[in-house]
Protein chains: 2
Amino acid sequence: MLKYQKIARELEKYIEDNAMVRGDKLPILDDLMKEFEVSKSTITKALEILEVKGTIYQVRGSGIFVRGHNRKGYINLLSNQGFRQSLKDFEVSSELLEMAVTMPTKEAATNLSIDMDEEVYYVKRLRRIQGQRLCVEESYFKKSIVTYLNEQIVSESIFDYITEALNVNIGFSDIFFHVGKLNKKEAGYLGLKQDDPALYKESIYHLVNGEAFDFSRIVYSYQQSQFYIQANNYLP
Amino acid sequence: MLKYQKIARELEKYIEDNAMVRGDKLPILDDLMKEFEVSKSTITKALEILEVKGTIYQVRGSGIFVRGHNRKGYINLLSNQGFRQSLKDFEVSSELLEMAVTMPTKEAATNLSIDMDEEVYYVKRLRRIQGQRLCVEESYFKKSIVTYLNEQIVSESIFDYITEALNVNIGFSDIFFHVGKLNKKEAGYLGLKQDDPALYKESIYHLVNGEAFDFSRIVYSYQQSQFYIQANNYLP
């Protein structure tokens, strides 16, 4: 994990520990530098991350304020760390349905910009929230980047593992989604009826250097899924 | 519009005019400063906006690259400018169903953090894409901020009008959504059947100082709606 990412996490903890809510003002830059014992560029970069993430907003000439999120039980759709962070008040579990080192499907190869004969880790999981079925997720990880996975890792947080153990620096992600009707197989996994509504979400995760390394496809049950996004910096 | 926002727009035009695609490298900072005749802080802030927006990505020690979006016909869910920008290759139209200066509903008042007796502009529109019904949108604008609207403005881009004519600086937005089944009235507007799938999206738009000024609620037809988001700065 890079230093400014570590400080961003500590700033989040600071906001939480001090029970700060929307509109609360953070200490000025100089005081934050002293508090966290870092340079101005590190604290600035950490604050940028939190601004992008929607944790804070900065008002020129006025200060840095807590933005926070404000609807309980909503999932942060942009949170690459999956469910753990945005649903920490809920019991979330993963059931491994399938895991294999294999060749990518055509769709996965296209989205990862790799050849059809490049090895990937394929992981299929059923996620539950408070015991209820939330979604079915299929992921394809480039094996050249995500060199090793096992049952225990994929039942916990794959992203925690690859950032911490494999020291992979994750950059940006492209997310695509649409609403549709469940087919019979999907409905079976989610305990719903065929043709019930569902959210289909595809994500492509990239390293900081722009290389795609993870393509995932998730089908969410309409009964358990509420999402939020905190968007920034309106561009006219 | 602020200067760095103007430069961000010009940079987007530069990328488009030069037909740049994902992975293409932009000129270095010094050359961009000369090209656009602005200070380093202005160009840096403009690049930050484009990074947040997913137009570019920056690789430390390597340069600034075009990120671009890559699926045709998808709507940028985070684009506050509505549909005009992300669907510019499509024919999008708005049919005004209702417009009034009125008191907010309880839901709108809560989301805008205003009293029940503070006046709002209420605007209800049906949006079409290529002649097909895309969504029904209801918006509540604080009249103290959006002081004037008329039929022509709301049939074009309300956001263009309030940033350009009213000189309002739009900051961040909170977006909430879930998947559900259409009720009879919604189905009627969208030309679908009751219980068909739909995406329900609520947005709260804020000024740069953090004040909420627009609450909108959109029901999307599942047949026309495909969305994309370009997320940034993964935080482990």
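Colleague: Which elements do the buried residues of helix 3 of chain B pack against?

Modeller: In this predicted model, the buried residues of helix 3 of chain B are B:Ile43, B:Ala46, B:Leu47, B:Ile49, B:Leu50, B:Glu51, B:Val52 and B:Lys53. Within chain B they pack against helix 1 (3-17), helix 2 (29-36), strand 1 (56-59) and strand 2 (63-66), and from the other chain they meet helix 3 of chain A.

Colleague: Is B:Leu47 buried or exposed?

Modeller: B:Leu47 lies in helix 3 of chain B, which covers residues 40-53, and once neighbours within four places in sequence are left aside, B:Leu47 is in contact with B:Ile56 and B:Ile64. A residue counts as buried if 20 or more other C-beta atoms lie within 10 Å of its own. B:Leu47 has 21 other C-beta atoms within 10 Å, and is therefore buried.

Colleague: What distance separates the end C-alpha atoms of helix 3 of chain B, and what should its residues span?

Modeller: Helix 3 of chain B has 14 residues, which at 1.5 Å a residue should span 20 Å. Its end C-alpha atoms agree with that expectation, being apart by 20 Å.

Colleague: Which residue just after helix 3 of chain B takes a positive phi?

Modeller: The helix itself runs over residues 40-53 of chain B. Just after it, a positive phi of about 90° is taken by B:Gly54.

Colleague: Which strand of chain A gives the most to the side of chain A that touches chain B?

Modeller: In the contact between the chains, 47 residues of chain A meet 47 residues of chain B. The elements of chain A that each supply at least two residues to that side are helix 1 (3-17), helix 3 (40-53), strand 1 (56-59), strand 7 (170-181), strand 8 (197-207) and strand 10 (226-231). By class, the side of chain A that touches chain B has 27 nonpolar, 16 polar and four charged residues. With twelve residues, the element that gives the most is strand 7.

Colleague: Which residue in strand 7 of chain B is the bridge partner of A:Tyr228?

Modeller: Strand 10 of chain A and strand 7 (residues 170-181) of chain B run antiparallel and are joined by six bridges. In strand 7 of chain B, the residue partnered with A:Tyr228 is B:Phe176.

Colleague: What is the radius of gyration of chain A?

Modeller: Chain A contains eight helices and ten strands. For its 236 residues the globule rule gives 18 Å, and the value for chain A is close to this, so the chain is as compact as a globular protein of that length, with a radius of gyration of 19 Å.

Note on methods: Residues are numbered from 1 along each chain as its sequence is written. Chains are lettered from A and ligands numbered from 1 in the order in which they are written. This is a predicted model: local features need pLDDT of at least 70, side-chain atom pairs count only at pLDDT 80 or more; totals for chains, interfaces and linings use all residues. Helices (H or I, at least four residues) and strands (E, at least two) are DSSP runs, numbered from the N terminus. The radius of gyration is taken over C-alpha atoms; the globule rule is 2.2 Å times the number of residues to the power 0.38. Two residues are in contact if their C-beta atoms, placed from the backbone, lie within 7 Å. Ala, Val, Leu, Ile, Met, Phe, Trp, Tyr, Cys and Pro count as nonpolar, Asp, Glu, Lys and Arg as charged, and the others, Gly among them, as polar. Two strands pair if DSSP finds at least two bridges between them. A residue is buried if 20 or more other C-beta atoms lie within 10 Å of its own, exposed if 12 or fewer, and partly exposed in between; C-beta atoms are placed from the backbone. The expected span of a helix is 1.5 Å times one less than its number of residues.
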